[in-house]
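Here's a quick tour for anyone meeting this structure for the first time. Have a look at it first, then read on.

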Amino acid sequence: MSASNCLTANAWICGEYLRTRREELIDATLQHVAITGTAVVLAVLLAFPLALLARRYRRLTGTVLTLTTVVYTIPTLAMYALLLPVFGISAAVVVCGLVLYSLTILVRNMLAGLDGVPEDVREAARGMGFGPGRLLFRVELPLALPALMAGVRIATVSAVSLTTVGAIVGNGGLGNLIYSGMDSLFKAQVLTASVLCVVLAVVADVLLLGVQRALTPWVRARDGRGGRRRGGATDPGDGGDAPDGGDGAVTPGGGGGPDPLAKPANDDRPIAAGAPGARQEAGQ
Amino acid sequence: MDTQTVKSARTTLRRAPLATAATALTLALALTACGGESLEESGSGSDTDTGSDSTDTDGGDSLVIGSADFTEATITAELYAQILADAGFDTEVQTVRGRELYAPALESGEINIVPEYLATTAEYFNRDENGPDAEPVASSDPEATREALIELVEPRGLTVLDYGDAVNQNAFAVSEQFAEEHGLETLTDLGESGLAVRLAAGEDCVERPFCQPGLERVYDIDITEVDPKGVGTAQTKQSIQNRTNELALVTTTDGTLADFGLVLLEDDQNLQQADNILPVLNTETAENQEVVDILNELTSTLTTDDLVELNRQVDAERVRAVDAAREYLVDKGLIDG
């Protein structure tokens, strides 16, 4: 356990740190992935029925969007503090907070995606004898997928960053290391954990983009004609077969660091990734 | 289609309150659902040793040691966890942001044992019990402070064990150069020098009787400004180094004072409270003779100098708290290597 130079010298980049804390870093990363992953999966499962509900009963649309947006404006620190009495000191506090944040983005994008399905496509499907269930799962959902996946990508990247704040209850994944490193001025730990956090966000985003492409081969086929579609770029939404983007969808930025997400304006308009006023909670 | 839209828009206006209520209900249900599911999922997914489910079932073998997230707290928590683990208990350290988070968990039994600071924790429970303006119960007398603490926490189901020699008190530091220039060794010297100083300390310093008011009352020190950089944080210590401030509130067990070129001024008129380190237990889930004996042995072994050294290892040499604690316990013969 001889202290190596770059550790005692408190260097920003320190190979010895990586070597001696490898286990710690792996544990923190796994916890981070587990918390983020659980939260996003749960959020998707919850957002879907909410979006369908909001679409089925149009008078609910505004209220659903407003309420999820209001939830989104609760500061992360306060959110975890409010959930603490419910769950006690556990990962559930962080997961639940992240689920609530993700709902804003997901419900909005699912609605936008479903709304973007051209009416004549629906008519055609009905004409072919599709019932409501088949219409939803065989026609509307595949067509809404690009917008939906855009939401999932933003929600995921955002969750990766907000998970760090969970360090206040000891369940912040890499955030645990960032916070304790900041308190004791441990530069290598702060930098390494932060970089891992960014890497996680980028990897998750790229993976989801891959999933999206695999699920929507027709988009690529179409775009093949007019130049390749770049990751994160909003499709113009030509009213054709794939209404990705469209009006009111949230589209992801270029992958993003820990805080790539802009706060929504308090109306039904889209959240623009990378716009001014990005959420800046984690440093509190 | 168009008429339908108009109609539904009208309906929206008319039924807005109803719709709001319905959506609120849906969201509330969603929240509940998210809670239930996420509890299960996170239990299996993120970390299997969250412990909250294992603590209530058998009070004997599984113990959660609570800790705040600063260096010394994590070290003492590791000391407790490892010495108890050596005796066959299944221990786990739960680190959270601060006392306001772990104290309620200690009362509920979610956390079983916390290494505490006598006077600070007594004041925490005093304020919690009697309001923010409560008359202080802590003093520089550890025995009296412990009595006061016991009185406060016993009804809450907590047990206070004995305190030892290890003390982490608040202390005031100046730069070596400043001390030399003005011939300062004690806080009395500083008061008599008549120097006006800026003080880097916690936000609450202006009202804490043992910080600014005490320095002015007991030592007659002229404080022009309190700079809220935190107690003993790197920022506080740096602010002395770069001459933003002259006086810094730090702790007696800080292992990095010399690295920042700081020296402590002696608290020669006993302004500071008795912040001896001692274990506080959740009576129902953790109080048994074996635990008490083990922790008492550790408490009587641990000294302030030991803490300084452990803090230095972790903060300066970047030894992991868990390794520093293990080495210390082995070194003192408290556990088998």
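## Quick briefing

In chain B, 48% of the 337 residues count as buried, where buried means 20 or more other C-beta atoms within 10 Å of a residue's own, exposed means 12 or fewer, partly exposed is in between, and C-beta atoms are placed from the backbone. Bear in mind that this is a predicted model, in which local features need pLDDT of at least 70 and side-chain atom pairs count only at pLDDT 80 or more, while totals for chains, interfaces and linings use all residues. Residues are numbered from 1 along each chain as its sequence is written, and chains are lettered from A and ligands numbered from 1 in the order in which they are written.

- The predictor gives the complex an ipTM of 0.70 and a pTM of 0.74.
- Chain B has an average pLDDT of 83, with 82% of its residues scoring at least 70; pLDDT is the predictor's confidence in each residue, from 0 to 100.

- Chain A is built with 11 helices and 0 strands, and buried residues make up 47% of its 284 residues.
- Chain B has 15 helices and 10 strands; helices (H or I, at least four residues) and strands (E, at least two) are DSSP runs, numbered from the N terminus.
- Among contacts between residues at least 6 apart in sequence, 75% in chain B join residues at least 24 apart; a contact means C-beta atoms, placed from the backbone, within 7 Å.
- For chain A, the share of such contacts that join residues 24 or more positions apart is 68%.

**Domains of chain B**

- Chain B splits into domain 1 (57-167 + 275-331) and domain 2 (170-265), with bounds that come from an automatic or database domain assignment.
- Taken over C-alpha atoms, the centres of domain 1 and domain 2 of chain B are 27 Å apart.
- Where they touch, domain 1 of chain B puts in 11 residues and domain 2 of chain B puts in 7.
- On the domain 1 side of that contact, helix α14 (residues 304-315) of chain B gives the most, with 7 residues.
- A UniProt annotation from an unreviewed entry, "domain: ABC-type glycine betaine transport system substrate-binding", covers residues 62-329 of chain B; such annotations use the numbering here, have shortened feature names, and may be inferred rather than shown by experiment.
- Residues 62-329 of chain B are 44% helix and 20% strand, and the end C-alpha atoms of the span lie 20 Å apart.

**Helix α15 of chain B**

- Helix α15 (residues 321-331) of chain B has B:Ala321, B:Ala324, B:Ala325, B:Tyr328 and B:Leu329 as its buried residues.
- Seen down the axis of α15(B), these buried residues fall within an arc of 130 degrees, so they line one face of the helix; the arc is that of the directions from the helix axis to the C-beta atoms.
- Their cover includes α4 (71-86) and α14 of chain B.

**Two loop residues**

- B:Arg243 sits in the loop between α11 (234-241) and β8 (247-251) of chain B, and its phi is positive, near 65 degrees.
- B:Asn270, in the loop between β9 (262-265) and β10 (277-282) of chain B, has a positive phi near 50 degrees.

Key:
Two residues are in contact if their C-beta atoms, placed from the backbone, lie within 7 Å.
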